[in-house]
Amino acid sequence: MRDIIKSIFKKTKILSLSAILLALFLCGCTPPTAPKESTLQWPKVTATTPQAAGVVTILSSGRVNTGTDRYLTTKAYSGILLNNEGFILTSWQVCNFDVTDGGKTYSGEMTQTYAVLADLYGDDTHYSLTLIDEDEGAGLALFQLKTKFSYKTEQGGTKEGFPFVPKFSPYAPQTGNQCYAIGNSLGELLVNNTFFHTSYQNLKLSVTKGIVSRSEILQDTLPPYTLGSERCLPATISAPVSPEMVGGGVFDENGYLMGLVTSKLLSESEGETTMMTRMSLLLPGSWLMHYIDTISEQKEIVIPYTYAKAQEDAA
């Protein structure tokens, strides 16, 4: 079942390396260099600004080796901005460039990855990312922005970091709970080609509403996600989610981060794979924090995140 959930690329979405090099030579295109420092303007605050500001679009480029040729492509996903240090949590699918075609799997590898901040900042720069860790079993990947950020405050001063980062919910997802999924839902629909990350412009986030349709999927239905000796059974949500929203955040009715969209749920019948409507997999916040803590300990790096206390709701 997990293999069914992995990304499946169409032939029309990949271009041979020789054609890429020729196109770059003819148009003189070169990927932009991410600035070392960037100052953001204070965003216009609405009801969903604190949540949307903590979600980014991720543009992941990679190559596929068919044995006789290599192909390049760029995919659009979403991610969660964890802290002022620029760490971004997303789905492991961002790193997966293996392609299954005609029953045969071709190996692929990620080459470059970029993040575009929430459109409420009015900044469409493609900021380069450094891969910190990726774990297929856990279903997660962790990146860090190469750029150091600051922002203009409402009073006109300047502070380091970002004006808003998500707070993890103190509550586990429960069946029937309202939820809001935030991510880039149109990344690959509004672009002429998916060959160059520079082709993705005017990227905007979408907010969709639904419920936790199931707090836990049974183990005999879907293999659990694993990290060391720990296991996690994902939840499902009914909020409409496109493939580009995978890796994006899911927030509860209090505005706290409930979890991360790890995949669209797919079904296979008579050799055909289809996406189930209004049915996506959610990795709960407790699993995300466990992964962050594990990587922080393994790599001996500090990865801060904010955890909301239950009593904040009564304040």
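# Reading strands, cores and charged pairs

Q: Which strands form a hairpin, and which residue in the turn has a positive phi?

A: Strand 3 and strand 4 form a hairpin, with 4 residues between them. In the turn, glycine 67 has a positive phi of about 100°. Keep in mind throughout that this is a predicted model.

Q: How many bridges join strand 3 to strand 4, and do they run parallel or antiparallel?

A: Strand 3 and strand 4 (residues 70-81) are joined by 11 bridges and run antiparallel.

Q: Which other strand pairs with strand 3?

A: Strand 8 (residues 108-116) pairs with strand 3 over 8 bridges, in the antiparallel sense. On that side, arginine 63 stands opposite glutamate 109 of strand 8. As for the general idea, side chains in a regular strand alternate between the two faces of the sheet.

Q: Why is strand 3 described as largely enclosed by the rest of the structure?

A: Count its buried residues. In strand 3 (residues 55-65), 9 of the 11 residues are buried, so the strand is largely enclosed by the rest of the structure.

Q: How many salt bridges are counted, and which residue pairs with glutamate 160?

A: The count comes to 2 salt bridges. Glutamate 160 forms a salt bridge with lysine 148, and their closest N and O atoms are 3.7 Å apart. This pair links distant parts of the chain, 12 residues apart, with glutamate 160 in strand 12 (residues 158-160) and lysine 148 in strand 11 (residues 148-152). Glutamate 160 counts as exposed, at 59% relative accessibility, while lysine 148 counts as partly exposed, at 47%.

Q: Which residues touch the most other members of the largest nonpolar core?

A: That core holds 67 residues, and those touching the most other members are Leu82, Leu89, Leu142, Leu145 and Ile237. Helix 4 (residues 285-299) supplies the largest share of this core, 6 residues. Apart from it lies another core, of 7 residues, including Leu59, Tyr114, Val191 and Tyr200.

Q: What does leucine 89 touch, leaving out residues up to four places away in sequence?

A: With those neighbours left out, the contacts of leucine 89 include Ile80, Leu82, Leu140, Leu142, Leu260, Leu288 and Ile292.

Q: Is threonine 49 buried or exposed, and what lies around its side chain?

A: Threonine 49 is buried, with a relative accessible area of 2%, and its place is in helix 3 (residues 49-52). A polar atom of its side chain lies 2.7 Å from the backbone nitrogen of threonine 46. The backbone oxygen of lysine 44 lies 3.3 Å from a polar atom of the threonine 49 side chain. Leaving out residues up to four places away in sequence, threonine 49 touches Pro43, Lys44, Leu120 and Phe164.

Q: How many disulfides does the structure hold?

A: A disulfide is a covalent bond between the sulfur atoms of two cysteines. The structure holds 0 disulfides. Cysteine 179 counts as buried, at 0% relative accessibility, and cysteine 232 is buried too, at 7%.

Q: Which residue other than glycine has a positive phi near 50°, and which has one of about 55°?

A: Most residues other than glycine have a negative phi. Asparagine 202 has a phi near 50°. Asparagine 202 lies in the loop between strand 14 (178-183) and strand 15 (206-214), and is exposed at 58% relative accessible area. Glutamate 300 has a positive phi of about 55°. The loop between helix 4 and strand 22 (306-307) contains glutamate 300, which is exposed at 73% relative accessible area.

Technical notes: Residues are numbered from 1 along each chain as its sequence is written. This is a predicted model: local features need pLDDT of at least 70, side-chain atom pairs count only at pLDDT 80 or more; totals for chains, interfaces and linings use all residues. Side-chain values use heavy atoms; hydrogens and water are left out. Buried means under 20% relative accessible area, exposed over 50%, partly exposed in between (1.4 Å probe, protein chains only). Helices (H or I, at least four residues) and strands (E, at least two) are DSSP runs, numbered from the N terminus. Two strands pair if DSSP finds at least two bridges between them. A polar contact is a pair of N or O atoms within 3.5 Å; within protein, one must be able to donate a hydrogen and the other to accept it, and residues adjacent in sequence count only if both atoms are side-chain atoms. Contact means heavy atoms within 4.5 Å. A disulfide is a pair of cysteine sulfur atoms within 2.5 Å. A nonpolar core is a set of buried Ala, Val, Leu, Ile, Met, Phe, Trp, Tyr and Cys residues joined through side-chain atoms within 4.5 Å. A salt bridge is a side-chain nitrogen of Lys or Arg within 4 Å of a carboxyl oxygen of Asp or Glu.
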